[in-house]
Amino acid sequence: MSDNELPELEEVLPSLKIVPGEGETDHKEDIPRAEGADPSRIGGDDYILNLGNQEVERILNEVEENCDLVVETAGKDAWLPSEGIQNIMIANLGYEDVDQFEDALGGTFQQFLNALPHMETKIQDDGSSVDGQFVFKLKTPPAAYETHGIKMTIKVSESKDLWRTLMKSPEATIIIPELEFEIGASVKRQIDAVYNHCTTACFNLGQHIRDQGGSMSADTKEKIADCIDQVNNLLDIPHPWDLVIVDPSGKSIVEPNEGVKVELLGETTKVADVA
């Protein structure tokens, strides 16, 4: 990205300087994280990202919209300064000050960004006007992932596997092969624990029965209810089972990714199997 592109971007996002993609050392791993089975993602200093909180979801949507805008205008390698984005969001979302904004997040904006599986973060070190500041951008998947798409397989054998964070891209499908159960494509990214992706799908199926039950046969309602019961039973982990994410866009992310098998779609060669 050339310097003459910056004024246009600063008109789009007032008072914000977009940082060219240089010196891209990701320091997210330097921030300590607590461990444990919890329906959330840890973001450093024992920060808990409350994925079920509507206000947190509203802030997340605003962050993603700003990231998408910058990708469209400046390219996927441009870094966003967190302080500038935070100030814009406080104004746009109607918060009185930083303290009220952090109360909504349950922590600092930096902790929040570090907890998101699809964000890269670092301290800028390029000698620019934002040198030394905390910056972030959307993660870019490997080129082969975007070209071919990916299939990720999680072997669910203990509770911590259900509390992995899954960022499901709009194009992705979640499959439980054992049950021939499928969660289809969506309108936007969905970020949640694996457990919550499954329970939300079950809730939606139950809601479908309640809303449309009058026009369903008894046999159809019974089959849907049985499907819900089978998924809920698997969530108790009576035995190891596979959860598969098929993503033609290659953008879905699972964290932590230890032991997650990743293959290119249409390929038999394993791309990654992090033990």
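Helices are DSSP runs of H or I with at least four residues, numbered from the N terminus. The legends below describe close-up views of a predicted model.

**View 1. Phenylalanine 109 and phenylalanine 112 in helix α5.** Helix α5 spans residues 109-115 and holds both phenylalanine 109 and phenylalanine 112. The two residues are three apart, about one turn of the helix. Phenylalanine 109 has a relative accessible area of 2% and is therefore buried, the limit for that class being under 20%. Phenylalanine 112 also counts as buried, because its relative accessibility is 0%.

**View 2. The edge-to-face pair of phenylalanine 109 and phenylalanine 136.** The ring centres of phenylalanine 109 and phenylalanine 136 are 6.1 Å apart, with 90 degrees between the planes. Phenylalanine 109 belongs to helix α5, whereas phenylalanine 136 belongs to strand β5 (residues 134-138), so the pair ties together parts that are 27 residues apart in sequence. Both phenylalanine 109 and phenylalanine 136 are buried.

**View 3. Aromatic pairs and one aromatic cluster.** Five aromatic pairs are present in the structure. One of them is the stacked pair of phenylalanine 109 and phenylalanine 112, at 6.1 Å centre to centre and with 20 degrees between the planes. Tyr95, Phe101, Phe109, Phe112 and Phe136 make up one aromatic cluster.

**View 4. Arginine 210 over the ring of phenylalanine 203.** The charged end of arginine 210 is placed over the phenylalanine 203 ring. Its distance from the ring centre is 5.7 Å.

Terms used. Residues numbered from 1 in each chain as written. Predicted model: local features only at pLDDT ≥ 70, side-chain atom pairs only at ≥ 80, totals over all residues. Heavy atoms only, no water. Phe/Tyr/Trp six-rings, centres within 6.5 Å; stacked < 30°, edge-to-face > 60°. Buried < 20%, exposed > 50% of the residue type's maximum accessible area, 1.4 Å probe, protein only. Lys NZ or Arg CZ within 6 Å of the ring centre and 35° of its normal.
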